[in-house]
Amino acid sequence: MPGTTRTQVVPIPVLGRHAVNAHLLLGRRPVLVDSGIPGSGRRVLDRIAAHGVDPAELALIVITHGHIDHFGSAAEIHRLTGAPVAAHVADLGPYRSGRAREPYLPNGPMGRLMARRRELHVRAQPFEPGLPVTGETDLADFGLDARIVPTPGHTAGSVSVLTGDGELVAGDLIANSFMGLLPGRPANPPFHDDARQNLASLRRMLALSPTRLHVGHGPALAPERVRRWAEREDARLTRLERSGRLRTRTD
Ligand SMILES: [Zn+2]
Ligand SMILES: [Zn+2]
């Protein structure tokens, strides 16, 4: 019966131990969230197989947003498995061109450093979502007690996946400090297109009382720590706004 199967969330490391993660969601059927940087397809499928799941059985590939470390291998994994790709229409530009919107808008020194890294400016294979997301999307038809929830701000088309048990797969809504080098400590990812809107999305998800936040960079985060971080981030953004230093993407 839909709604009664527990969903297990399994991190699938794409780079390092948890510098960049995809996630495998196991309900009645397996669903993959995110795909890693370009050329990660085989590695991701090997890791899925290592969890006893035949990659050919993937019901769906959900892409959280239009950054290259999340959608870079979507076309390849789609081709290898035949699973349809779900992604929000507000990031169709990056999905159709294979390039993230540039320039990246750094959140701080880490972002300014990261923005220079070549691998963030490469072109991925473009794809067209077979399941274009425009609002909350129930995944019962794909064998999962979970739903896709739009959480814009990091990019306009950012989405999260919330399971019936309250596990939140949050993409880059929040990250670990230094991409996981300080595990368990919440921090902004290096870039946000709209940091204020991202914080509003994060708070909307925290209000749903998630049990854990699974993120693209670093291990899962405890909601209580993320809540305290959100208070500090609110104060930081207010200071930036008052001094006119908060940049937001307008295109
Ligand atoms: Zn991102
Ligand atoms: Zn990322």
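In the predicted model, threonine 137 stands opposite isoleucine 148 of strand β8. Strand β9 in turn runs antiparallel to β10, residues 167-169, with 2 bridges between them; here leucine 162 has leucine 168 of β10 as its bridge partner. Together, 5 strands make up an open sheet of mixed pairing, in the order β7-β8-β9-β10-β13. Because β7 and β13 (212-214) stand at the edges and each has a single partner strand, one side of each is left without a neighbour in the sheet. In a regular strand, side chains alternate between the two faces of the sheet.

The sheet is part of a protein chain that contains 7 helices and 13 strands. The radius of gyration of the protein chain is 17 Å, which agrees with the value near 18 Å that a compact globule of 251 residues would have. Along the principal axes, the C-alpha atoms fill a box of roughly 50 × 35 × 35 Å. Of the 251 residues, 49% count as buried. Among contacts between residues at least 6 apart in sequence, 69% join residues at least 24 apart.

The largest nonpolar core comprises 58 residues, of which Val31, Leu60, Ile61, Val62 and Ile174 touch the most other members. When residues up to four places away in sequence are not counted, isoleucine 61 touches Leu32, Ser35, Ala74, Ile77, His78, Ala83 and Val85. Helix α3, residues 74-81, is mostly covered, with 6 of its 8 residues buried. Just after α3, glycine 82 adopts a positive phi of about 80°.

Several further backbone features were identified. Most residues other than glycine have a negative phi, and most peptide bonds are trans. Aspartate 34, although not a glycine, has a positive phi of about 75°. Aspartate 34 lies in the loop between β3 and α1. With 30 other C-beta atoms within 10 Å, aspartate 34 is buried, since the threshold for burial is 20 or more. Serine 209, likewise a residue other than glycine, has a positive phi near 55° and is found in the loop between α6 (195-206) and β13. In contrast to the buried aspartate 34, serine 209 is exposed, with 9 other C-beta atoms within 10 Å; a residue counts as exposed at 12 or fewer. Finally, a cis peptide bond with omega of about 0° joins glutamate 102 to proline 103, and proline 103 is located in the loop between α4 (92-97) and α5 (109-114).

Note on methods:
Residues are numbered from 1 along each chain as its sequence is written. Chains are lettered from A and ligands numbered from 1 in the order in which they are written. This is a predicted model: local features need pLDDT of at least 70, side-chain atom pairs count only at pLDDT 80 or more; totals for chains, interfaces and linings use all residues. Two strands pair if DSSP finds at least two bridges between them. Helices (H or I, at least four residues) and strands (E, at least two) are DSSP runs, numbered from the N terminus. A nonpolar core is a set of buried Ala, Val, Leu, Ile, Met, Phe, Trp, Tyr and Cys residues joined through C-beta atoms within 7 Å. Two residues are in contact if their C-beta atoms, placed from the backbone, lie within 7 Å. The radius of gyration is taken over C-alpha atoms; the globule rule is 2.2 Å times the number of residues to the power 0.38.
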